[in-house]
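Visitor: Walk me through this one, please. I want to know what stands behind each label.

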Amino acid sequence: MELLLICFSFWILHCNPANADSIIHIGAIFEENAVKDDEIFQLAISDLSLNDDILQSEKITHSVKLIEPNNPFQAVQEACELMNQGILALVTSTGCAAASALQSLTDAMHIPHLFIQRNGDGGPRTACQLNPSPDGESYTLAARPPVRINDVLLTLISEFGWQKFIIFYESDYDIRGLQTFMDQASRLGLDVSLQRVDRNISRVFTDLFNTMRTEELNRYRDTLRRAVLLMSPRGAQVFIHQAVETNLASKDSHWVYANEEVSDADIMELIHSSLGRMTIIRQVFPLWRDTNARCMRNNHRISSLLCDPQEGYLQSLEVSNLYLYDSVLMLATAFYRKLEDRKWHSMASLNCMRKSTKPWNGGWSMLDTIQKGRISGLTGFMDFRAEGSNSHVQFEILGTSYSETFAKDVKRLASWDSTRGLNGSLKENRIESGMEGVTLKIVTLLEEPFVMVAENILGQPKRYKGFSIDVLDGLAKILGFKYDIYQVGDGKYGSALPNGSWNGMIGELIGKRADLAVSAITITPERESVVDFSKRYLDYSVGILMRKSEEKINIFSLLAPFDLAVWACIAAAIPVVGIMIFLLRRIQAVRCHSNTGHPPPPTSTSLQSAIWIVYGAFVQQGSDSILGSVALRIVMGSWWLFTLIVCSSYTANLAAYLTVSRMDNAVRSFQDLSKQVDLAYGTVRDSAVYEYFHAKGTNPLEQDSTFAELWKVVNKNNGFDNSVSSPSEGIKKDFGAAGKRRSRHPETKMVAKERPL
């Protein structure tokens, strides 16, 4: 369709003999990589040619030149060639460098120049620093509004009450665009840090862990709790993913992503990648959704490709493409006014290379007509009454709240426009009054330590206490309401029945028998579809409660650190060393008698005493023996060293053995639980875990058989054999039945608290 449309436009504007003597000719310069710019420009000319309401019998002819990106010299050359042909105005969609060069040329030649700033890399746009005109008369009009992201950011920061935050920007982002923002933040006393992010984002986080110590990483993680991302959508997605993977992002973090051009698909990717709260700023054009206006703008019919979102073509366009279309419409409106006022100035052929060439004498009149015009196009209102630029711009602010579930949804929080500023409030609303004197009926379910029965006075209503009751009392004090609390009759949290109704506390709420449910109830997608939950305020995971194993007393456990072979070797070593000591002492006594003729000292030289000396050394009790010879000293010294090593090894192994025996547990995960057959287990019937096991265990697409085995045991005899009706019953059954251990997960999410599955 696009190709046929372009060919049709080309035939009308170039091949139709009726247009040969057209008095309206405009030039256009686009970058080679901006294919959509040329398409939209041709489409705009085609739409004007098919409409007689604006230019009546006159038709617009045009010439298009393509240049290399960021090539100011080529841009000036092509513009000179267009001026030599004779043009009434020049429309360009380029970068800042080419725009600055073209500004100087069009100011010198008095050719009206409608400039649309392009941003081809997808990152946030920074303002072009155009040169001021020497005579104060600038012929360059900025069709795309000036960059206002900084103003929106500053408003958001003030609304959020941030005092300290960090701004991440990509390496190709022009940091000069933040100068005004930094100056304003400094005057407000804000602590703002800047950090550039290289293209290799994963290396950025790797370098952080390699260069920072633990204390520095903790401080850096705290800094990341409040951050602003000035990146392309793809770069922001990778950055957020890396921050979550490296555990630098936290659930209480709040990040702001600012970019004029970000699609709905990119927004959903950013929201689901983030861990905490995410706020997104992007430019919007509200007239797109105006079904009454549809495809009519100022008596001009726009092609359905551009005005009907259902066509799908509109979503593929960049913001600069839309401003390009409106720029052509703005020129056509100005041409109509000139023709109507009969103040037309003929086109002139201008030679840029000649010094004697005079500017176009009709340039100022044409520029004045364009500046006084005003249209309503694809981008909303467009005029150039604010210092030669189109000032009309609107942003929408999207985001989520803290502690969203994985099924996150994006909400429109507020809007910002150049006329009124922020429309709406980003501050969290607190209900301070409005429930004074109201008595709520509250249903609950007992579960320690969240809801428990307090000591009751005879004849008085039953009183409750616990963590959840403290929260309820706090809310009642703030909002001023009173409440009557009662226990649910069937003792269930709430699950869907085959007939579509609900039991338990959820059923009480649906049946409007209760206004509020307070207990340790889990938030599940099924329950969220029928009742509203508050934000969770407590979070912990599924646990397995098991009966503590009985410790068996074994008098031989002291022998466990060494194998039987080691003990046998030790037992054999004692008499062997004893015999050696006995023989050496005998030899010493004989030598002493033969050399001196005197009898040996009165020490025992029997075999029993030698073995006793060796045993005493082994148990570190010492002996009263006299070791006179060198040989005896060598043998006993070696034996003492051996004894030291054996005793040290025994002490260490005994401590390790006793510790490991206390930590020994055959069941550490659901996989372990499903594989063993000795222990019976169950959970609370009709609880979130019970339904979770049911959904996972009966799912034919589930590849892991763990949950199928778990569900088979948990649901034995419809759950009456192994499962229980309440957590307290499960604890009693667990401790009352010897040898049986049960998986326990009482409902742990309440109108405020969750134990995620």
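Guide: In α12, Met330, Leu331, Ala334, Phe335, Arg337 and Lys338 meet Ser365, Met366, Thr369, Ile370 and Lys372 of α13. Contact means heavy atoms within 4.5 Å. This is a predicted model: local features need pLDDT of at least 70, side-chain atom pairs count only at pLDDT 80 or more, and totals for chains, interfaces and linings use all residues. Residues are numbered from 1 along each chain as its sequence is written, and side-chain values use heavy atoms, without hydrogens and water.

Visitor: How do the axes of α12 and α13 cross?

Guide: They come within 9 Å and cross at roughly 115 degrees. Axes are lines fitted to C-alpha atoms, for helices over the stretch in contact, and angles run from 0 to 180 degrees between N-to-C directions.

Visitor: Why is Glu508 called buried?

Guide: Its relative accessible area is 15%. Buried means under 20%, exposed over 50%, partly exposed in between (1.4 Å probe, protein chains only). So Glu508 counts as buried. Glu508 sits in helix α15. Leaving aside neighbours within four places in sequence, Glu508 touches Val443, Tyr486, Val488, Arg513 and Ala514.

Visitor: What makes Phe467 partly exposed?

Guide: Its value is 36%. Phe467 belongs to helix α14, residues 467–479.

Visitor: How much of the protein is buried?

Guide: Of its 757 residues, 45% count as buried.

Conventions. Helix = DSSP H or I, 4+ residues; strand = E, 2+ residues; numbered from the N terminus.
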